[in-house]
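Reader: I have some questions about how the terms are applied here. Please set each value against its cut-off.

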Amino acid sequence: MRGREAIKSWNCEHEVTTVCSDLIRFPSENPPGDVAEIATYILEYLQRAGIPARQISSVPGMRSVIAELDFGPGPCLVLNGHMDVVPAGDRTRWSFDPFGGEVCEGHVLGRGASDMKGGLASLLVAIAQAARWDTLRGKVLFTAVPDEETGGWYGTRWLLEQGFTGDACLIAEPSGTNPTIGQKGALWLRAIARGIPAHGSLSPLVGENAILRMTQIIETVYSIWERTWIFPPEPHQLIAETQSTLREEGLGVQAEALDHVTVNVGRIVGGDKVNIVADHCEAEFDLRVPIGIPVGDVFGLLRQLVEERAGSGVEIAPVRDPIEANYTSPTHPFVQLVLRIIREVAGGTSRPVLQWASSDARFFRRHGIPTLQFGPAELQGIHGYDERVAVGQLVQAARVYALLIHDYLSPGDGGGFRAA
Ligand SMILES: [Zn+2]
């Protein structure tokens, strides 16, 4: 098979369905995040297709699979996907075996079908196809990574630090027909309140209660949700366009979250005994920060508000390194190229959108690589029960990936080569 028209009608249904089912049968739940078996399957699949591939580990148990299609001098396209999945949870809540990989009524069923073994399967068959072409110029770097569901530090981030980079990147994360070009930032905070212990029988006349003080802190941190922000022009427009797309899809809640700092207090511990005025209390917060707003601005404002309202004896600090919101411009030629291809394959209008959560894309963008996410998806089951993916979407995604490799690595033929 060669040429754009042939790729657009490429019949890969049997192969992509089989690979997706096979991938689902390796549980790879994270935690614990062991991907050894699925990584070996992917390695062998690539090798059977004649593609030089190998495994490397950042720390024991955290393997990545790396494969390179080298067509000589030219731009390098990175194709990335994660092998880990979130745990299946309570098996009795599933109406099928989450690790059975069953195919039923045009869908592949199981944990990871959409997030993102479907995307990995489509990438694999597209790359195996492209390995047979001989008119391309440049390189495809395929990376299958562990650890995405727990932060990506030992997968994508580590690989980039080892020099596995490129000129543009597509991650096969679930998206539907609208590719995702940006993610919100994340600020995880721990607040510690101290008090003065005393006999509970005399409270509130004596002592200072740290739990009571924490309730004020929680209220103060939640007040950040009410705040309206002033955005730079491009993020402003991008947020507004994503909001209208999400509302059309019935995702009004997600739309509302996009231009606000969301807040969740997820953990609280305090006091020693019911009849003692509590002298300590600790709580942890998860805040997600919109695109265009520096995380430092949000933290600075919060610290000031907490000091004003809760007074001394309170500490508030990040639990881990904050993540800045990040995106690739919708006008970037790589984004425009992918959009054109999706519209060609799937028909209809495809629009770049933002995501309310975070992903490995931030690591690529931090290395200056324009990055977007596009992959087969049925959004309802992701991270929940009865996850599945439509076979038609697997086929569509495989065609998009194959066309992207073709156009990006074809001098003078598509927009990709010039864009790089
Ligand atoms: Zn994912």
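Reader: Which strand does Ala53 lie in?

Author: This is a predicted model. In it, Ala53 lies in strand β1, residues 53–57.

Reader: What makes Ala53 count as buried or exposed?

Author: The cut-off for buried is 20 or more other C-beta atoms within 10 Å. Ala53 has 20 such atoms within 10 Å, so Ala53 is buried.

Reader: Which residues is Ala53 in contact with, leaving aside its neighbours within four places in sequence?

Author: Ala53 is in contact with Leu43, Leu46, Gln47, Val65, Ile66 and Ala67. Contact here requires C-beta atoms within 7 Å. As for Val65, its C-alpha atom is 7.0 Å from that of Ala53, and the two residues are twelve apart along the chain.

Reader: Ala67 is on that list. What is its bridge partner in β6?

Author: Ala67 has Phe142 as its bridge partner in β6. The strands involved are β2 (residues 63–70) and β6, which pair in the antiparallel sense over six bridges. Pairing needs at least two bridges.

Reader: How do you know that β3 and β6 pair, and in which sense?

Author: The threshold is at least two bridges. Strand β3 (residues 76–82) and β6 have seven, and they pair in the parallel sense. Within that pairing, Gly81 has Ala144 of β6 as its bridge partner.

Reader: Why is β6 called mostly covered?

Author: Strand β6 runs over residues 139–145, and six of its seven residues are buried. Each buried residue must have 20 or more other C-beta atoms within 10 Å of its own.

Reader: What holds the strands of a sheet together, in general?

Author: Strands of a sheet pair through backbone hydrogen bonds, in a parallel or an antiparallel way.

Reader: In what order do the strands of the open sheet come?

Author: The order is β10-β11-β9-β12, with antiparallel pairing. The edge strands are β10 (262–270) and β12 (314–318).

Reader: What makes β10 and β12 edge strands?

Author: Each of them pairs on one side only. From one strand to the next, the twist averages 20 degrees.

Reader: How do you know that the neighbours in this open sheet pair?

Author: Strands β10 and β11 are joined by eight. Strands β9 and β11 are joined by ten. Strand β9 (residues 185–194) is joined to β12 by five. The pairing is antiparallel.

Reader: Which residues stand opposite Ala191 in β11 and in β12?

Author: In β11, Ala283 stands opposite Ala191. In β12, Ile316 does. Elsewhere in the sheet, Val265 stands opposite Phe285 of β11.

Reader: Which helix lies across β9, β11 and β12?

Author: Helix α9, residues 295–310, lies across these strands. Its direction is at about 170 degrees to β12.

Reader: Why are α2 and α4 called oblique to each other?

Author: Helix α2 (residues 13–24) and helix α4 (residues 113–130) cross at roughly 135 degrees. Roughly perpendicular ends at 115, and roughly antiparallel begins over 145, so an angle in between counts as oblique. Therefore α2 and α4 are oblique to each other. Their axes come within 8 Å.

Reader: Which hand does that crossing have, and which residues make the contact?

Author: The crossing of α2 and α4 is right-handed. From α2, the contact includes Val16, Val19, Cys20 and Leu23. From α4, it includes Lys117, Leu120, Ala121 and Leu124.

Reader: What makes α4 oblique to α12?

Author: Helix α4 and helix α12 (residues 391–408) pack at an angle of about 45 degrees. Roughly parallel needs under 35, and roughly perpendicular starts at 65, so values between those limits are oblique. That makes α4 oblique to α12. The two axes are 8 Å apart, and the crossing is right-handed. Among the residues that meet are Gly118, Gly119 and Gln129 in α4 and Leu394, Tyr401 and Ile405 in α12.

Reader: How many helices and strands does the whole protein chain have?

Author: It has 13 helices and 16 strands.

Notes:
Residues numbered from 1 in each chain as written. Predicted model: local features only at pLDDT ≥ 70, side-chain atom pairs only at ≥ 80, totals over all residues. Helix = DSSP H or I, 4+ residues; strand = E, 2+ residues; numbered from the N terminus. Axes fitted to C-alpha atoms, helices over the stretch in contact; angles between N-to-C directions. Contact = placed C-beta atoms within 7 Å. Left-handed = near helix turned anticlockwise from the far one by under 90°. Buried ≥ 20, exposed ≤ 12 C-beta atoms within 10 Å, placed from the backbone.
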